[in-house]
Amino acid sequence: MTIHYHKATGIIPPLLLLLAAALLLAAWFVPGFADFYTANVFPLMTGSFGRLTSLLPFSLGEWLLLAALVFLAALLLLTLFRLLPGPSRTSMRYRRFYRAYLRAILWIAGVTALIMVLNCFIQYHCTPLEESLQGYGRQYSTEDLAELRDMIVEQANTLAEEVPETASSETVLHDPAEASRAAAASRAAVAALAPVYPRLGGYQVKPKPLYYSWFVSQQYMQGYYFPFSMEANYNDLMMPMNIPFTMCHEIAHTHGYILEDDANFLAFLACTRAQDPVLRYSGYLGILYYVDNDFYASAGKAEYRRHPAISEKVRSDSRFLSEKAWARVEQISPLPTKTVQAAADTYVDTTLKANGISSGKASYSHVVALLLEYYDGNYSGSRAAQK
């Protein structure tokens, strides 16, 4: 019996989609499946594909996204062309080409769906990281939040004076040697957490700058984890002190910690436990305003003013972008920042809610609860480390 080649290969994309759906359903409804997969199978993706893409000097995921947009735009044009009258639109050669293009789209859709499930969507259903923290399940007061906030502000203010001025200059991490040093330090800092958080062991991918950082800046995003290329990418237009924290955050994603609050928490631990004062400073800056804003909202303006103030140096270093960088972004971009930001917020919020995160984009601030549960009122060790 002879099976037509196109019919045989045409079955594979739907099978890939069905496999992706089955794995996602298992992650949703089979207890322990997501934890087992993420702890035992997912590291193979980081150690193989992530190791391979780390060899590239650029972000493969970023260019794959661009290629996908071009591919879809071409499909739209081909479809419109086919609807127009004329003999060339109905020729056998054109119809064959169009069918081949559709088959390619189906293959890409099947492979992409499966990769996204394997490298991202399953991980949303792992046991929450907070369940391993000593204060999990406890209720914390405004006074507890005040103590956490004051400790973080004091550490940031102190470290701001210890970090060399050259380290926080706008150009420092645009130097390839400095960027490479920061990436190596961030990888080592994440790996150092493995004895406590075993999933962070194994191969550490190399963080890479995004070519289109100006577009990412308009989304107010500091970095991206691309599941289909297993890459940790960061926005290199940011103020330098944001970069080590972002590197650690994105590396945490490549180890299956897909929730944003979990990645923020682990990036904070990785940075603040490091010996390098630049990393420690970046760690405190990375979560400073999550905690500070929550405390202000909880305590009110009058009470807030009675607590240690954030120094001007810290405020300057913790900015997202400098005025000069923002001017460059607005000059390069063909779209208004408000439009890009609104679209990005909608996409992120929808993706999170579709994967069971009911709070959507607001889940980023859940890192405050994780910090309260982690310290559980004991901040003496953190203060002593800086003396």
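Biologist: In what order do the three strands of the open sheet stand, and what is the pairing called?

Modeller: This is a predicted model, and in it the order is S1-S3-S2, with mixed pairing.

Biologist: What makes S1 and S2 the edge strands?

Modeller: Strand S1 (208-209) and S2 each have a single partner strand, so one side of each is left without a neighbour in the sheet.

Biologist: How do you know that helix H9 packs on the sheet?

Modeller: Contact calls for heavy atoms within 4.5 Å, and H9 (residues 243-253) touches S2 and S3. The direction of H9 makes about 155° with that of S3.

Biologist: Why are strand S2 (residues 223-226) and strand S3 (residues 231-234) said to pair?

Modeller: Two strands pair if there are at least two bridges between them; S2 and S3 have four, in the antiparallel sense. Within this pair, tyrosine 225 stands opposite alanine 232 in S3.

Biologist: And what lies between S2 and S3 in their hairpin?

Modeller: Four residues lie between them, and methionine 230 in the turn has a positive phi of about 50°.

Biologist: Let's turn to the helices. At what angle do H6 and H11 pack?

Modeller: Helix H6 (residues 142-162) and helix H11 (residues 277-299) pack at about 145°, their axes 8 Å apart. Their crossing is left-handed. The contact between H6 and H11 has 18 nonpolar, three polar and five charged residues.

Methods
Residues are numbered from 1 along each chain as its sequence is written. This is a predicted model: local features need pLDDT of at least 70, side-chain atom pairs count only at pLDDT 80 or more; totals for chains, interfaces and linings use all residues. Side-chain values use heavy atoms; hydrogens and water are left out. Axes are lines fitted to C-alpha atoms, for helices over the stretch in contact, and angles run from 0 to 180 degrees between N-to-C directions. Helices (H or I, at least four residues) and strands (E, at least two) are DSSP runs, numbered from the N terminus. A crossing is left-handed if the near helix is turned anticlockwise from the far one by less than a right angle, and right-handed if clockwise. Ala, Val, Leu, Ile, Met, Phe, Trp, Tyr, Cys and Pro count as nonpolar, Asp, Glu, Lys and Arg as charged, and the others, Gly among them, as polar.
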